[in-house]
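Have the viewer open and follow along.

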Amino acid sequence: MTEQRVKYLLALHLRKECTSEEKDELFRWIHDCTDRDVLGRMLTDAWEDFVPEDALGSDRTQQMLSQILMKEEPVVMSDPALHETALETPVVGSAGNSIRRIGRRWVAAAAVLIIGGAFGYYTLKVARPASRQMPLTAQRESALQDVLPGTTKATLTLGDGSAILLDTVSSGAFASQGNARIIKKNGRVVYQANATTASGLIYNTLSTTRGHQYPLTLSDGTRIWLNAASSIRFPVLFSGKERSVDITGEVYFEVAKSIKPFIVNAGIAKVEVLGTHFNINAYSDEDQLNTTLLEGSVKVVQGGSALQLARGQQARIRKNGSIELNRNADMEEAVSWTQGYFHFSDAGLKTILRQLSRWYDVDVIFEKQTAGETFSGDIQKSLSLSQVLKILDKNQVRFQINGKRLIVLN
């Protein structure tokens with residue numbers, strides 16, 4: 001099939017004007033295409049050129065999505081490479097497998113509202129209050145400045161206070177602390193014990209700024225991922241009856257099994273585990289501190305209150321110190337950032353923009369108060385900021401980028 005023919009069929013399909021024969025022809029080409037770069041470029045171009053006649057309501061969007069998923073899901077779920085990311089992807093057991101299956105189910109709609117995983121966009125579908133149905137103009141912002149996505153970058157502060165910029169360090173051993181060697185391997189910092197006991201307790205700190213994240217392996221084998229604007233303070237070797245670390249921001253843990261409990265101190269909360277996979281979101285600008293359990297069991301303690309979590313549950317600690325249990329947590333939302341994409345489920349615009357602010361290192365300015373619209377869907381973290389904004393713009397939210405300032409115009 002010629003490139004011109006593919007573009008023609010994609011345009012027809014986006015406008016809901018494809019015949020059944022044309023639709024079958026298009027999806028056969030998508031299924032048989034072996035050049036992912038070509039496929040990604042053509043899907044992206046088709047989506048960026050698409051201007052709907054009117055705003056899609058949430059009911060119509062959901063109807064279109066359901067129709068696509070019913071038809072195309074078996075094709076795309078056979079592709080194991082759709083969620084390759086620049087960062088090392090954590091292995092999170094049965095919970096993680098279900099998360100990846102959920103992600104592929106979204107990618108199944110690649111030819112219509114969704115432009116898939118490694119290729120570029122996922123869709124965001126928006127639910128707006130009835131009082132805020134604004135027409136979608138045909139002309140887009142013509143000269144959006146751009147901001148590149150975040151990278152794998154962090155600073156390691158040693159026990160003597162000296163700081164090492166890890167992006168300047170070559171692979172291999174690059175420092176030692178007490179009885180531990182510090183190695184950079186496959187873009188990850190790994191602490192390797194040279195002895196079974198610590199020669200005095202030495203603490204190191206790994207920290208990221210906005211626009212960066214980083215993976216770490218502690219001396220006991222615990223694997224950790226730091227999100228943007230986060231930090232973890234930890235002993236280079238654990239001694240005593242417990243393993244204890246302190247964090248800020250957002251951190252995902254795969255705790256190595258041991259008879260020694262693993263303690264995470266996150267502001268006003270403390271999480272106690274033996275060996276498990278969980279995520280802690282403890283950003284100071286969020287409304288609550290969330291601990292989401294993917295595998296195993298943890299106890300979340302705040303003041304005199306404690307919650308024991310089972311897999312798929314989440315502990316929420318409010319600013320006033322109250323703690324509550326969410327029995328059906330969105331595990332994909334909790335850990336999608338470690339797998340290279342943002343996942344939103346009925347998220348408000350301000351919630352989304354807080355995440356974009358950290359990943360793209362921009363300050364968000366609201367020119368007007370936003371209405372109560374909510375968004376659901378996924379966006380690849382490898383996109384530039386202007387590409388992400390085009391997705392939101394198709395949902396009738398307009399922006400302007402001015403240096404490191406992201407201005408919300410409506």
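**A guided walk**

Leucine 383 has 5% relative accessibility, so it counts as buried, the cut-off being under 20%. Keep in mind as you look around that this is a predicted model. You will find leucine 383 in the loop between strand 23 (374-380) and helix 8 (385-394). Its C-alpha atom is 6.2 Å from that of proline 149, although the two residues are 234 apart along the chain.

Now for the aromatic rings. The whole structure contains six aromatic pairs. In one of them, tyrosine 191 and phenylalanine 234 have ring centres 5.0 Å apart and planes at 85°, so the pair is edge-to-face. Because tyrosine 191 belongs to strand 7 (residues 188-193) and phenylalanine 234 to strand 11 (residues 231-235), the pair ties together parts that are 43 residues apart in sequence. Both tyrosine 191 and phenylalanine 234 are buried.

Phenylalanine 253 and phenylalanine 262 make another edge-to-face pair, at 5.9 Å centre to centre with 65° between the planes. Phenylalanine 253 counts as buried because its relative accessibility is 0%, and phenylalanine 262 is buried at 0% as well. Ring pairs join Phe238, Phe253, Phe262 and Phe278 into a cluster.

Charges sit over rings too: the charged end of arginine 358 is 3.6 Å from the ring centre of tyrosine 283, and lysine 350 lies over the face of phenylalanine 366.

Finally, the largest pocket holds about 730 Å³ of space. Among its 34 lining residues, Asn281, Asn290, Glu333, Thr351 and Gln355 are the closest to the centre. Strand 21 gives the largest share of the lining, seven residues. By class, the lining has 15 polar, 10 charged and nine nonpolar residues.

Terms used
Residues are numbered from 1 along each chain as its sequence is written. This is a predicted model: local features need pLDDT of at least 70, side-chain atom pairs count only at pLDDT 80 or more; totals for chains, interfaces and linings use all residues. Side-chain values use heavy atoms; hydrogens and water are left out. On a 1 Å grid over the protein atoms alone, a cavity is a set of points where a 1.4 Å probe fits but cannot get out, and a pocket is an open set with protein on both sides within 12 Å along at least five of seven lines; lining residues have an atom within 4 Å of a point. Grid points are joined across faces, edges and corners, and a volume is the space filled by probe spheres set on the points. Helices (H or I, at least four residues) and strands (E, at least two) are DSSP runs, numbered from the N terminus. Ala, Val, Leu, Ile, Met, Phe, Trp, Tyr, Cys and Pro count as nonpolar, Asp, Glu, Lys and Arg as charged, and the others, Gly among them, as polar. Buried means under 20% relative accessible area, exposed over 50%, partly exposed in between (1.4 Å probe, protein chains only). Rings of Phe, Tyr and Trp (its six-membered ring) pair if their centres lie within 6.5 Å; planes under 30 degrees apart count as stacked, over 60 as edge-to-face and the rest as tilted. A charge sits over a ring if NZ of Lys or CZ of Arg is within 6 Å of the ring centre and within 35 degrees of the ring normal.
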